[in-house]
Amino acid sequence: MDKTNNPVVYFEIPVTDMERALDFYRSVFGFAFEQQHIDGNEMALFPISEADHGISGALAKGEIYRPTTNGVLVYFNTEDIDRTLILATQHGGTVLYPKTDNGDLGFVAEFQDSEGNRIALHESLKN
């Protein structure tokens, strides 16, 4: 294993209603998606910039994908957790863990998305 690279390279968030999920993530984060069918599954790929740090993934609908609040937790960056939580609740989400100070790392929060997944947020400290 190459220990110089970050260990995670991609993620998939399960959905049961792709249009509802697309509406939710577009409304909350302003994401543009590229939709594809991969191995018989419906996918909506999150944007990625090769010039920036981090990874990307997809909303995924198919036989093996089941939304849950009890699985892997994906953290999305946001410049304003308060605003993002408001948008999430306005579009069918529920706050599961309120904005919490994470010391020198900034702030974190969690919400349940339109599909029933637990999603986390991270806001860096303003420099």
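This is a predicted model: local features need pLDDT of at least 70, side-chain atom pairs count only at pLDDT 80 or more; totals for chains, interfaces and linings use all residues.

What covers the buried residues of helix α2? The cover includes α1 (18-29), β6 (94-101), β7 (107-112) and β8 (118-123). Covering here rests on contact, meaning heavy atoms within 4.5 Å.

Residues are numbered from 1 along each chain as its sequence is written, and side-chain values use heavy atoms, with hydrogens and water left out.

Let us stay with α2, which spans residues 81-90. Its buried residues are I81, T84, L85, L87 and A88. Buried means under 20% relative accessible area, exposed means over 50%, and partly exposed lies in between, with a 1.4 Å probe and protein chains only. Viewed down the axis of α2, these buried residues fall within an arc of 160°, so they line one face of the helix. That arc is taken from the directions from the helix axis to the C-beta atoms.

The N-terminal end of α2 is capped by D80, with a side-chain oxygen 3.2 Å from the backbone nitrogen of D82. This is a polar contact, that is, a pair of N or O atoms within 3.5 Å; within protein, one must be able to donate a hydrogen and the other to accept it, and residues adjacent in sequence count only if both atoms are side-chain atoms. Just after α2, G92 has a positive phi of about 100°.

A polar atom of the E123 side chain lies 2.8 Å from the backbone nitrogen of I81. E123 is buried, at a relative accessible area of 7%. Leaving aside neighbours within four places in sequence, its contacts are T78, E79, D80, I81, K99, L105, G106 and F107.

I turn now to the charged pairs. How many salt bridges does the structure hold? There are three, a salt bridge being a side-chain nitrogen of Lys or Arg within 4 Å of a carboxyl oxygen of Asp or Glu.

One of them joins R20 and E115, whose closest N and O atoms are 2.7 Å apart. R20 belongs to helix α1 and E115 to the loop between β7 and β8, so this pair ties together parts that are 95 residues apart in sequence. R20 is partly exposed, at 38%, whereas E115 is buried, at 8%.

Another links K99 and D82, at 3.1 Å from N to O. Since K99 lies in strand β6 and D82 in helix α2, the pair ties together parts that are 17 residues apart in sequence. Both K99, at 32%, and D82, at 39%, are partly exposed.

E110 and R118 also meet in a salt bridge, at 2.6 Å from N to O. Here E110 is buried, at 13%, and R118 is partly exposed, at 26%.

Next, a point of backbone geometry. Most residues other than glycine have a negative phi. D39, however, has a positive phi near 50°. Is D39 buried or exposed? It counts as exposed, at 77% relative accessibility, and is found in the loop between β2 (34-38) and β3 (41-45).

Finally, the strands and the interior. Strand β5, residues 74-77, has V74 and F76 on a covered face and Y75 and N77 on an uncovered one. β5 pairs with β8 in the parallel sense over four bridges, where pairing requires that DSSP find at least two bridges between the strands. Within this pairing, N77 has H122 of β8 as its bridge partner.

F76 leads us to the largest nonpolar core, which has 26 residues and in which Y25, F46, L59 and F76 have the most contacts. Such a core is a set of buried Ala, Val, Leu, Ile, Met, Phe, Trp, Tyr and Cys residues joined through side-chain atoms within 4.5 Å. β1 (10-14), α1, β5, α2, β7 and β8 each supply at least two residues of this core, and α1 gives the most, with seven. Apart from this core lies another, of five residues, including L45, A58, A60 and Y65.
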